[in-house]
Each structure stands twice: as structure tokens, then as C-alpha cells.
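Hi there,

Here is the structure I promised to pass on to you. Have a look at it first, and then read my notes below.

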Amino acid sequence: MKILVPVKRVVDYNVKVRVKADGTGVDIANVKMSMNPFDEIAVEEAVRLREAGIATEVVAVSCGVTACQETLRAAMAIGADRGILVETDVELQPLAVAKLLKALCDKEQPTVVIGGKQAIDDDSNQTGQMLAALMGWPQATFASKVTLGDGVATVMREIDGGLETLEIKLPAVVTTDLRLNEPRYATLPNIMKAKKKPLDTVKPADLGVDIAPRLATLKVAEPPKRSAGVRVADVAQLVDKLKNEAKVI
Ligand code: AMP
């Protein structure tokens with residue numbers, strides 16, 4: 001059983017991003033980039049399934065600029081067997097990524113795609129769902145437990161107010177939530193080993209995919225600054241303020 005894991009290169013979650021002065025986006029020049037945290041969880045899950053003898057191969061895929069090679073090496077240091085870079089300088093929107101992943105699924109024939117539930121840069125939460133739709137495959141998003149059986153996957157999902165367990169037929173798309181696992185730290189020997197693992201590069205045109213953006217960003221702005229709080233003297237004053245100023249009770 002082959003598992004395909006899409007991994008996105010995003011601004012590191014510790015970085016406080018700044019909006020560009022012209023409001024066209026956030027400034028990513030000289031900013032630390034890392035693997036999307038949900039994708040690390042996806043790689044970890046796929047590697048655990050291979051270590052348990054359930055999967056035979058874990059293939060990491062990243063779409064974007066040449067530097068996405070680093071993201072693929074990071075996935076291979078966690079334990080992915082090989083990497084595929086779909087190289088382009090064009091800004092990729094979720095539909096374009098889903099189409100690229102579809103082309104790779106047609107070629108690689110994985111039994112399951114395990115991706116992140118969302119990328120922390122655009123927060124789209126769309127790519128896995130779009131891929132499932134394009135493939136005509138079942139999907140189980142926001143997974144907090146995944147069990148792969150004979151032709152089926154049982155997936156526990158995080159939903160509002162509880163957990164839902166689904167059984168879906170394979171091949172399928174699964175997307176990860178935070179509680180699925182805690183990704184391991186890549187050890188130095190594994191980082192060294194990852195440098196020697198196979199990494200193929202293809203272009204979107206090789207896959208016959210039109211990646212032209214369909215959406216235009218009109219403006220990006222900082223959220224409004226929070227005004228300073230006030231210290232109230234007693235409960236009566238608090239209740240008065242909640243009633244007459246905030247008007248929430
Ligand atoms: P999004 O729909 O943008 O929130 O992304 C959801 C998931 O799709 C991510 O966690 C990744 O697993 C995958 N994905 C999105 N963009 C890319 C990309 N450029 N390369 C590889 N995987 C991606």
C-alpha cells in the first residue's frame with residue numbers, strides 16, 4: 001500500500017508575519033519557512049503506518065518554488081521514502097494544487113492520500129476536499145485517529161462538540177487534525193539519510209495541468225488593534241459596563 005503525503009512550505013508558525021506596505025500580501029522575504037504543521041502530522045502518520053507494516057511506501061509531494069526541496073527533505077528525514085517536487089514560481093491556489101495532486105495520484109496510484117487539514121498561511125482548508133472530488137474518492141477530514149483495514153479506512157474525526165467515526169472505502173483522502181499524533185523530531189542521522197533519498201522534479205506542464213490562479217486578492221490588511229482594557233472597581237461596575245457599554249447582557 002502506497003501513501004501519498006502532500007507537504008506545503010509555509011511561513012514558520014513562530015514567525016509574526018507583517019503585511020506589505022502596499023497591502024498586496026504578507027512579506028515573506030527573509031522569513032523562516034517550514035513544513036506546514038498539519039503536514040508534519042500527516043507524514044508522521046504515514047510513516048507509522050509503514051513502520052507497522054500496513055503501508056509499503058510513503059511518497060511526499062510538494063508543489064511550489066525550488067526551495068520546497070527542503071520541505072521534502074524534512075519529510076524524508078521524518079521517514080518518507082521519496083519525494084516529488086512539482087516545481088513552479090506561479091502562486092498556487094488550492095484548486096491548482098488539487099489538480100496537480102490528481103495528476104500525481106493518476107500516475108502513482110496511492111491507496112490513500114494523507115494531507116493536512118489546512119495550510120497555516122492561507123488557512124484555505126480546501127485542497128484535500130477538492131482532490132477527493134476530482135478523484136471521485138471518499139474523504140475523511142480532520143482525522144484524530146486513522147485505522148487502515150482491508151479496502152477500508154476507519155477514521156475518527158474532530159467535529160463541533162465531539163467526535164465522529166466514519167468508515168470509508170479506499171482509495172480515499174484523509175486530512176489530519178492536531179490530535180492525530182505528535183510528530184517525531186528528525187534525528188541527525190535521519191537528516192543525513194534523507195539527503196540520499198530519491199527526489200524527482202516535474203513541472204506542472206509535464207503533468208498537463210493548468211495552474212493559472214482563478215482568484216485575485218484584492219487587499220490584505222492587519223487586523224484592527226485591540227484597545228487597552230480597563231480595571232473595574234467591583235462586580236457592580238463590571239455588570240454595569242457589560243450591560244450599558246458592551247451591551248452583551
Ligand atoms: P489548504 O487547502 O491550502 O488549507 O491546504 C490543505 C493541505 O493541502 C495542506 O495541509 C497540504 O497537505 C496540502 N497542500 C496545500 N498546498 C500545497 C502545496 N503547495 N504543496 C503540497 N501540498 C499542499
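A backbone N or O atom of Gln 126 sits 2.8 Å from an oxygen atom of the ligand. This is a polar contact, meaning a pair of N or O atoms within 3.5 Å; within protein, one must be able to donate a hydrogen and the other to accept it, and residues adjacent in sequence count only if both atoms are side-chain atoms. Please keep in mind that this is a predicted model, where local features need pLDDT of at least 70, side-chain atom pairs count only at pLDDT 80 or more, and totals for chains, interfaces and linings use all residues. Residues are numbered from 1 along each chain as its sequence is written, and side-chain values use heavy atoms, with hydrogens and water left out.

A polar backbone atom of Ala 119 is 2.7 Å from an oxygen atom of the ligand, and Asp 122 has a polar side-chain atom 3.1 Å from a ligand oxygen. On its own the ligand exposes 480 Å², and the protein buries 97% of that (areas by the Shrake-Rupley method with a 1.4 Å probe; for residues, only the protein chains shown count as cover). There are 18 residues around the ligand, and those that come nearest are Asp 39, Cys 63, Ala 119, Asn 125 and Thr 127 (a residue is near if one of its heavy atoms lies within 4 Å). Strand S4 gives the largest share of this shell, three residues. Strands here are DSSP runs of E, at least two residues, and helices are runs of H or I, at least four, numbered from the N terminus. By class, the shell has six nonpolar, nine polar and three charged residues. Here Ala, Val, Leu, Ile, Met, Phe, Trp, Tyr, Cys and Pro count as nonpolar, Asp, Glu, Lys and Arg as charged, and the others, Gly among them, as polar.

How many cavities of 30 Å³ or more does a search of the whole structure find? There is one, and the volume of the largest cavity is about 40 Å³. Its lining includes Gln 93, Lys 99, Asp 210 and Arg 214.

Both terms rest on a 1 Å grid over the protein atoms alone: a cavity is a set of points where a 1.4 Å probe fits but cannot get out, a pocket is an open set with protein on both sides within 12 Å along at least five of seven lines, and lining residues have an atom within 4 Å of a point. Points are joined across faces, edges and corners, and a volume is the space filled by probe spheres set on them.

Finally, two details of the backbone. Most residues other than glycine have a negative phi, and most peptide bonds are trans. Asp 123, however, has a positive phi near 50°, and a cis peptide bond joins Leu 170 and Pro 171, with omega about 0°. Pro 171 is in the loop between strand S9 (162-169) and strand S10 (172-176).

Happy exploring!
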